[in-house]
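Good morning, everyone. Please have a look at the structure on the screen, and then I'll walk you through how its parts meet.

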Amino acid sequence: MLVLVAAHLFAALVLPAASRRHTRVAFAVAALLPTAALCWALAHTAPALAGRPPEESVVWSAPLSLEFAFRLDALALTMTLLVSGVGALVLLYSGRYFEPGGGDAARSAPLLLAFAGVMLGLVWSDDLLAIYVFWELTTICSFLLVGQSGVSRSSRRASLQALLVTALGGLVMLLGFIVLGEAGGTYRVSELAQQPPTGAPAAVATGLILVGVFTKSAQLPFHNWLPAAMVAPTPISTYLHAASMVKAGVFLLARLAPVLGEVGFLPATTAVFGIATMLVGGWRALREYDLKLLLAYGTVSQLGFLTVLAGAATPLGALSVAAMLLAHGLFKATLFLVVGTVDHQTGSRDLRELSGVAGRLPLVTTVAVLAALSMAGLPPTVGFVAKEAAFETFLGGEGGFLVGIGLVLGSVLTVAYSARLLWGGFAGKPGVPTSTASAAPVGLWLPAAVTACGGLVLGIAYPVIDVLAAGYAEQTFGHPAEYHLALWHGFTPPLWFSVLTLLGGLTLFLLNDRVLGLRELLPARLPDAQRGYERVMGGLERLAVGVTGRVQVGSLPTYLAIILLTVLLVPGMVMAFRDTPVEQLRGWDKVLQVPLALVILIAAAGVVRATRRMTAVLLVGVIGYGIGGMFVVGGGPDLALAQFLVETLTLVAFVLVLRRLPARFTETASSPGVQLPKVLLSVAGGVFVAFSALVFSSARDTPSVVSQEYLRRAEEEASATNVVNAIIVDFRAFDTVGEISVLAVAATGVASLVLTARSARRRRRRPADRTSTPAASAGSVTGGSDPEVAE
Amino acid sequence: MSVLVAVPVLLPLGAAGLSMAFGRFADIQRWLGLLVLGVIVVDAAVLLHVADVHGPVVLHLGGWRAPVGIALVADRLAALLLLVSVIVMFSVLLYSIGQRITDYGRGTASTTFHPIYLVLCAGVSLAYLTGDLFNLFVAFEIMLASSYVLITRRTTANRVRAGMTYTIVSLSSSVLFLTLIGLVYAATGTVNLADLAERTDQLPPGPATALALLMVIVFGVKSAMVPLHFWLPDSYPNAPAPITAIFAALLTKVGIYAMIRTQILVFEREPSWPLMLMFALATMLVGALGALAQNDLNRLLSFLLVSHIGFMLFGLGVYDVAGLTGVILYIVHHITVQATLFLVSGLVTRYTGTVALSRMGGLAGISPLVAVLFAVPALSLAGVPPFSGFVAKLALLRSGIELGTSWGYAVTAGAVLTSLLTLYAVARVWTRVFWGKRREPEGDPDHSDELVVGTGDTSQGMVYATGVLVGATVLVAVLAGPLSAVSERAAIDLLSGQAYRSAVLGGGSGG
Amino acid sequence: MTEHRPGSWDPASTEPWFRSDAPAERWLLPGYSRDTRERTILLELLVRVAFPTVFVFSIYLLFAGHYRAGGGFSGGLVAGQAFVLRYLAGGRVDDSSPFSIRPPVLIGVGLTIAVLTGFVPVLFGAAVLGSGAVTLTVPVLGKVKLVSSLLLDVGVYLLLVGVVLELLRTLGSGIEADMAAGEGRRR
């Protein structure tokens with residue numbers, strides 16, 4: 001099974017080489033892979049339905065419980081029919097739809113194939129984390145497919161919106177998966193189903209997972225990315241947004257039904273959101289003039305329907321959701337493909353412009369009518385069979401009557417917009433000139449015909465679909481549902497409700513204009529999901545700019561001040577408030593330390609107050625010599641020697657550089673309001689260091705073991721009487737090697753800086769002469785020295 | 001055998017010396033650099049294998065046993081990070097040679113680039129391998145001094161200012177570090193890390209905690225933890241692309257590594273460290289928000305760097321095996337991915353002539369290769385499966401949820417939000433740079449500096465080097481199984497500290 | 001004044017023979033002048049005497065480090081100070097330096113020596129950077145004890161001399177040349 005999925009992806013990698021030049025062939029070849037997957041799945045129908053599903057598992061990372069575990073059970077089989085079956089048909093259709101040799105075709109072929117593979121992996125996965133992996137991959141594929149080349153602003157925005165909304169859901173869902181996995185001790189759905197976790201973790205996980213489901217399956221309030229994504233070419237909309245990707249959420253609910261079945265609030269939540277979505281989607285569909293947008297809102301509405309069914313948590317609900325998944329996939333795919341064909345042949349999909357298409361494209365019209373019948377839920381299509389089951393779930397006395405009423409209302413809207421679609425796309429309208437349309441090529445109507453006929457055939461031959469759906473219901477709930485899918489159950493309440501739905505829907509369609517007029521009376525600023533999304537994004541931008549603008553000031557003194565402040569606050573507070581012992585303070589160890597300390601302090605104060613640079617440098621030198629003096633008094637001649645020498649060298653370097661700088665400091669003095677905090681902070685920093693020195697040196701009263709060892713070993717083992725030198729070149733020679741490399745680097749850096757400045761100045765002086773190498777120009781100006789080249 | 005531990009440090013130093021001596025011969029410098037880095041890659045791989053199978057490899061320098069002498073320790077963590085870092089350094093060197101950043105015009109040799117680069121490598125290796133606090137300071141000095149030179153090399157006047165910010169802030173943190181070492185030695189009488197672990201128990205709790213927090217701050221400055229991160233977005237973007245790549249990939253991670261090593265080895269703590277979790281959350285969010293506010297591609301990547309440092313701090317704050325496994329995985333992932341992204345940014349600037357996102361467009365049509373080279377590490381950074389970012393992020397999220405405290409949940413939620421914001425930032429770069437209408441490349445605004453932009457062509461070296469690194473990121477994802485196993489073992493070792501201490505102080509291999 | 005190259009007197013040239021072995025350096029020669037305002041005769045004479053002395057003192061410090069105050073650092077820095085004195089007195093190092101070696105090369109050699117002292121002990125079976133002492137009997141001086149860490153000191157010494165020379169070259173003569181060029185005068 002992994003092989004099949006991987007084959008999709010691998011072929012997708014290889015395809016770009018061919019898809020630009022041989023478009024149709026490339027798509028046809030690409031269609032082979034989903035077909036192969038479908039055949040493989042069908043070949044394993046019997047074991048899948050009988051409770052012995054084929055399984056396969058490849059471990060990716062054991063410590064993280066990441067493994068690709070595949071399992072073909074009834075639900076997976078149902079989805080495979082959609083994913084691979086419709087996928088193959090869409091690929092064949094695309095071969096005809098896209099301009100050969102165009103960029104769209106070259107890009108879409110591999111991406112569609114990759115998407116098919118990823119979707120296949122998703123429906124076959126038995127491991128929660130693997131499901132997430134494929135889930136996010138579908139998000140990425142969708143982003144790239146919707147955006148195409150990203151030339152138009154609307155496609156960029158739409159793809160970004162889809163990406164962000166579904167990625168948000170995906171990430172939240174991941175958290176839910178982790179909670180579930182940790183609580184249940186395993187990430188395998190099949191194992192979790194046997195021992196579902198309960199209590200708070202399960203509830204939290206369900207809530208998080210529901211966010212993911214709602215975003216992917218375009219439920220309120222996340223539903224707006226779906227209509228926005230209609231900027232994509234029609235085959236892509238068909239596959240992603242009708243047949244497979246948007247179903248992923250509902251599929252996940254169905255897959256996790258045995259695991260989350262115990263959670264109390266699940267049916268209620270899904271019902272509320274689902275019905276709201278169904279109603280809003282249907283309502284919007286009645287308003288649209290673009291046939292594709294009409295279908296998009298219709299999809300939103302139907303997804304609401306599916307969500308309600310998937311969350312129902314009863315065997316009957318499971319039966320109906322499986323049937324409805326299949327039915328919806330078939331009729332929606334057909335309708336999208338048909339709209340694409342009409343668009344391709346007539347050049348328009350606006351129903352105000354189309355007229356009399358039925359006469360021009362009779363085959364296409366027939367196909368469309370078949371699919372619309374299924375959508376509206378009329379016998380003998382599979383749509384009717386599924387809808388009966390759905391109504392039975394809620395209206396047949398098992399509970400949730402209100403939900404059932406909601407479903408009926410939604411179905412009324414569905415019938416209405418189905419009629420609107422047929423009328424808008426194909427009927428002749430008075431006052432509108434008949435659209436011109438050339439006959440559709442086979443490649444454009446055949447795939448749609450296949451799916452439409454499939455819908456009809458499955459409806460008539462309903463035992464087939466019954467076996468499939470019942471298999472799923474049984475595997476989920478452990479016992480079969482008493483109900484069976486059929487075209488005729490007798491004069492049951494669902495039947496009456498179906499009739500009611502049909503009548504109501506047709507009425508609504510006929511009165512549509514007046515209803516639209518009613519709409520004008522509604523308050524203008526109703527909550528609108530799209531506006532909400534835009535406001536959130538705008539707020540995010542403002543937040544980002546605001547926070548960064550305040551925080552990233554660009555001023556070095558501020559940065560240093562914050563570092564110093566953090567040092568004072570965090571460790572300083574700890575030391576101030578814990579019980580820190582300090583040993584007896586002495587004034588001084590040797591009397592000479594006092595005048596030296598005074599000299600250092602005065603020099604330090606002088607440096608801060610100096611106005612001339614030379615003064616400041618010399619005072620820094622005084623500080624250095626003072627410290628050297630402290631070393632002498634304290635008894636460290638080597639240290640003092642090194643200190644004096646280094647200080648001298650530093651002074652020399654300073655003086656050499658000062659020749660180039662102005663004599664006085666040129667920065668303007670900052671205002672007292674700024675200076676005071678700086679002074680306080682610096683003083684506090686100094687006090688902190690001094691205090692810490694006191695505290696820490698009083699923490700130990702025995703000599704250090706290390707020093708004793710040095711003293712002991714210096715003579716015999718290092719052959720040295722100067723212990724300091726022994727430490728530098730023997731005991732800790734490695735530090736010495738490191739530090740001299742630092743010196744080397746520093747010298748090189750200085751050279752680099754100085755010489756860069758020189759060559760930059762030289763280059764500015766001769767802007768036209770850029771071909772001359774620096775060596776030549778160096779020779780002419782400075783006469784003989786060659787540091788530029790050596791640099 | 002234990003001389004292998006000294007090779008990654010001493011060999012580049014020696015080679016740097018040779019490189020300086022042969023400053024006139026560019027070819028010798030290049031081959032020397034590549035050869036030495038290749039040798040170190042092999043050495044690090046061997047060290048990792050030996051450390052994984054037999055335990056930490058210890059070298060007592062000069063034959064003096066710790067704590068009298070300095071000990072170099074290669075345990076699993078150090079060897080793994082060293083291996084990844086040197087591979088990245090090798091690729092970036094290839095890229096730099098390809099970009100001709102090491103020369104200026106034909107026929108001139110550059111004394112400064114190759115030796116300094118080798119010294120930087122030595123510094124990074126030493127930081128990973130050392131077992132001595134003062135030696136760690138020396139390692140940081142080596143690293144930072146080289147970085148000061150590299151960031152101010154051949155820059156124009158206004159870019160030197162950015163380098164100055166970096167230099168002064170780093171020098172201040174070095175001063176703090178040195179103060180810290182003085183305090184540590186005053187209080188405990190030793191600077192050897194393994195020895196310190198035993199002596200900090202004898203300190204009263206106030207000073208001990210203060211020491212720990214001071215160490216956090218010192219290393220926090222180096223690893224750009226909020227609120228100590230300000231220098232990074234101001235200074236990193238101004239250097240040439242490979243330099244920024246190396247800094248972003250290595251220097252901050254060395255800071256994180258030092259923080260992990262010192263905190264866990266030296267101080268005792270229970271799982272869940274609220275202060276660190278707080279810092280982690282702040283870092284993640286401030287960095288991500290900062291990235292969204294940028295129009296400059298390199299600044300955006302710098303802010304994302306800061307943000308993802310927060311992830312590593314998150315794992316450290318969780319402070320148990322799962323959290324530390326996540327941190328180690330994340331460091332390995334992030335080193336490769338961040339370096340790759342900066343290298344790709346260099347490629348992008350070559351094509352478009354600008355770093356401003358608003359002036360770029362349609363690059364996917366001009367060069368699909370660059371688009372793919374960007375997409376892979378970008379998706380990995382955003383944590384999209386099946387790339388390495390997802391694996392590492394998953395480990396961290398799991399550890400956060402397993403922790404069970406309210407801070408743990410809060411930071412986990414923050415991590416998820418940051419992931420989303422990162423995805424948004426990356427997607428924005430994609431839509432602005434690679435999608436959209438094609439724009440003509442702008443000419444090079446400043447010929448005097450090292451940034452050669454807008455030429456529309458990139459040399460083979462640059463593209464191959466970037467490809468190698470992209471392949472490395474994919475490899476990290478593919479090898480997630482063995483890598484996470486090694487990381488888990490390293491984390492367990494780290495938390496117990498027993499193997500390390502006994503190897504250094506006890507009967508570990510000496511000469 | 002024209003350039004002189006000792007020992008290369010061409011019989012056909014118009015130069016008188018007694019100039020053929022004139023000094024090669026221009027440092028402190030009469031007629032060779034920096035800006036006369038900057039010249040300090042006393043300093044020049046003293047440095048002329050002091051330079052070799054200080055140099056020898058630095059070598060002493062190098063060797064004496066292990067037993068008394070001193071060592072590679074101090075020795076190298078003192079040697080560097082000698083060159084600083086020379087520069088302060090006499091002008092640009094590159095014109096007047098007796099070394100024809102470029103400072104970066106010197107730095108590189110010093111660093112290489114230091115690193116080699118790390119690796120060589122491995123060949124003898126000791127640890128990296130291990131040290132050993134060997135006692136030699138030298139004819140005039142008697143028993144001389146040489147410690148291997150002296151080599152490290154030598155490397156440090158060379159490196160420090162190189163560093164100081166580099167600083168003088170860039171900060172000293174480099175900046176001076178800049179200023180001269182900026183003021184439009186040719187050196």
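Before we start, keep in mind that this is a predicted model.

Let's begin with chain C and chain A. In this pair, 49 residues of chain C are in contact with 43 residues of chain A. The two chains bury about 4,000 Å² between them. Carbon and sulfur atoms give 69% of that area. Which residues of chain C lose the most area to chain A? They are H66(C), L171(C) and D178(C). Together those three make up 14% of what the chain C side buries.

Now the charges and the polar groups. How many salt bridges are there between chain C and chain A? The count is zero. Polar contacts do turn up, though. Six residue pairs are in polar contact across this interface, with both residues at pLDDT 80 or more.

Where does the chain C side come from? Four elements each supply at least two residues: α2 (72-90), α4 (103-123), β2 (142-147) and α5 (149-182). The biggest giver is α5(C), with 22 residues. Sort that side of chain C by class, and you get 27 nonpolar, eleven polar and eleven charged residues.

Next, chain B on its own. Its secondary structure comes to 20 helices and two strands. Is the fold compact or extended? A compact globule of 511 residues would have a radius of gyration near 24 Å, and chain B has 22 Å, so the two agree. Along its principal axes, the C-alpha trace of chain B spans about 65 × 55 × 40 Å. Buried residues make up 73% of the 511 residues in chain B. Now take the contacts in chain B with a separation of 6 or more. Of these, 82% join residues 24 or more positions apart.

On to chain A and chain B. Here the contact takes 99 residues from chain A and 113 residues from chain B. The buried area is about 9,200 Å², with 75% of it on carbon and sulfur atoms. Three residues stand out on the chain A side: W60(A), F696(A) and F734(A). They supply 9% of the area that chain A buries against chain B, more than any other three residues.

What about polar pairs here? The count between chain A and chain B is 16 residue pairs in polar contact, both residues at pLDDT 80 or more. Which helix gives the most to the side of chain A that touches chain B? That is helix α33, residues 733-765, with 15 residues. By class, this side of chain A divides into 60 nonpolar, 22 polar and 17 charged residues.

That brings us to salt bridges. A quick reminder: side chains of opposite charge can pair when their charged atoms come close. Over all chains, the structure holds 23 salt bridges. Three of them are between chain A and chain B.

Let's look at one that crosses between these chains. R398(B) forms a salt bridge with E182(A), and their closest N and O atoms are 3.1 Å apart. R398(B) sits in helix α16 of chain B, residues 388-403. E182(A) sits in helix α8 of chain A, residues 153-184. Are the two partners buried or exposed? R398(B) has a relative accessibility of 11%, so it counts as buried. E182(A) is partly exposed, because its relative accessible area is 26%.

Now stay inside chain B and find R76(B). R76(B) forms a salt bridge with D52(B), with the closest N and O atoms 2.3 Å apart. This pair links distant parts of the chain, 24 residues apart. R76(B) is in helix α3, residues 76-99, and D52(B) is in helix α2, residues 26-54. With a relative accessible area of 11%, R76(B) is buried.

R76(B) also forms a salt bridge with D493(B). There the closest N and O atoms are 2.5 Å apart. D493(B) lies in helix α19, residues 480-496, and R76(B) in helix α3, so this pair ties together parts of chain B that are 417 residues apart in sequence. D493(B) is partly exposed, with a relative accessible area of 25%.

One last stop, in chain A. Which residues do salt bridges with shared partners join into one network? They are E55(A), R71(A), D73(A) and R255(A).

That's my tour. Thank you.

Notes
Residues numbered from 1 in each chain as written. Chains lettered and ligands numbered in written order. Predicted model: local features only at pLDDT ≥ 70, side-chain atom pairs only at ≥ 80, totals over all residues. Heavy atoms only, no water. Contact = heavy atoms within 4.5 Å. Buried area = accessible area lost by both parts, 1.4 Å probe. Salt bridge = Lys/Arg side-chain N within 4 Å of Asp/Glu carboxyl O. Polar contact = N/O pair within 3.5 Å; in protein donor to acceptor, adjacent residues only side chain to side chain. Nonpolar A, V, L, I, M, F, W, Y, C, P; charged D, E, K, R; others polar. Rg over C-alpha atoms; globule rule 2.2 N^0.38 Å. Buried < 20%, exposed > 50% of the residue type's maximum accessible area, 1.4 Å probe, protein only.
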